[in-house]
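This briefing concerns the pockets of one model and the strands around them. Please look through the sequence and the structure before reading on.

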Amino acid sequence: MSFGAGRLVATRAAANIPSRFDGFELLYSRLAWEATAFLTEPVKDSSHFDGEDHSIAFWGLYLTHWFNAPRTVGADLYYFGIHREHGAYASGRGDEHRHSLGMREFGKWQHWDWDAEQVLQVGTFGNQSIQAWTAALEGGYTWDAALQPRLGLKTGITSGDHNPKDGRQETFDALFFKSGYFNDASLIRPQNLIGVHPNLALNLTRSITADGGVNFLWRYSKDDAVYAVPGFISVPANRDASRYVATALDANLEWRIQRHVSFGASYVHFFIGSYVHEAGGRDVDYFSTTISFLF
């Protein structure tokens, strides 16, 4: 399943940690509307075929409405519910019932494009109440000029827990978010994080595009951790350390060889901050090449 911009539910295939589900789905489609309702259980991630993870249930309703016939301007409204028997965050572990209420606005107009999303999460985590949120904005401007340069900005905030003993669980849960959320290295899960990512894209030829940018990352709360893509803690909480996590430089190339085949290359370098260094981390270089066949 993949919904909207993939900020909460996407296939996540590129990170080799796929999001797969067994369950039921109802689809409705009209000229200006689309709706999906589903009830599922995630499939366990392992090196072999496996069954459903019965400790997790995931359900929801996703609505999309387009405001014009070309479907270039629209809005999404959605609800996602999840129950985990063993939810885990920096504040501890517990039985978790989490409900996500979200809205997304997207479109293209003349030289501008935009994609904004806001989510509120409520529910229970053990004996704590869940009060978490996120807000994200991605937009850009494309010039009618040689190479058709697009200058863009991607920014977002995901809440973190300020006090594990105050009866509130404030860590946002990114659920089954898309890979490459910040860059193709996919090292960090968008939880307890503030990110700012200016970027530039160029059409080198009709079939080759290049883009790159700089991504600045901070913790939202110093009392919460940095999380890895699958959801476990990557860097433990440290109240006495800096909020600053890292700066990531990325450069990407895509060559659409023909209608069904494309080639991609990506390079990312992470300059880590003192908070990660004190936890035993160091700078990271990431390079990948992919060939995709679509049918």
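This is a predicted model: local features need pLDDT of at least 70, side-chain atom pairs count only at pLDDT 80 or more; totals for chains, interfaces and linings use all residues.

**Strand S8 and its partners**

- S8 and S10 run antiparallel and are joined by nine bridges, and S7 and S8 likewise pair in the antiparallel sense, over nine bridges.
- In a regular strand the side chains alternate between the two faces of the sheet.

**The largest pocket**

- The largest pocket has a volume of about 1,200 Å³, and among its 43 lining residues Gly 180, Asp 184, Asp 211, Asn 252 and Glu 254 lie nearest its centre.
- Several strands each supply at least two residues of this lining, including S7 (128–142), S8 (150–158) and S10 (193–203).
- The lining of the largest pocket divides into 13 nonpolar, 21 polar and nine charged residues.

**The second largest pocket**

- The second largest pocket holds about 640 Å³ of space, and of the 28 residues lining it, Ile 56, Arg 84, Phe 176, Pro 230 and Gly 231 are the closest to its centre.
- Strand S4 (residues 73–89) gives the most to the lining of the second largest pocket, contributing six residues.
- The lining residues of the second largest pocket comprise 12 nonpolar, six polar and 10 charged.

Conventions. Residues are numbered from 1 along each chain as its sequence is written. Side-chain values use heavy atoms; hydrogens and water are left out. On a 1 Å grid over the protein atoms alone, a cavity is a set of points where a 1.4 Å probe fits but cannot get out, and a pocket is an open set with protein on both sides within 12 Å along at least five of seven lines; lining residues have an atom within 4 Å of a point. Grid points are joined across faces, edges and corners, and a volume is the space filled by probe spheres set on the points. Helices (H or I, at least four residues) and strands (E, at least two) are DSSP runs, numbered from the N terminus. Ala, Val, Leu, Ile, Met, Phe, Trp, Tyr, Cys and Pro count as nonpolar, Asp, Glu, Lys and Arg as charged, and the others, Gly among them, as polar. Two strands pair if DSSP finds at least two bridges between them.
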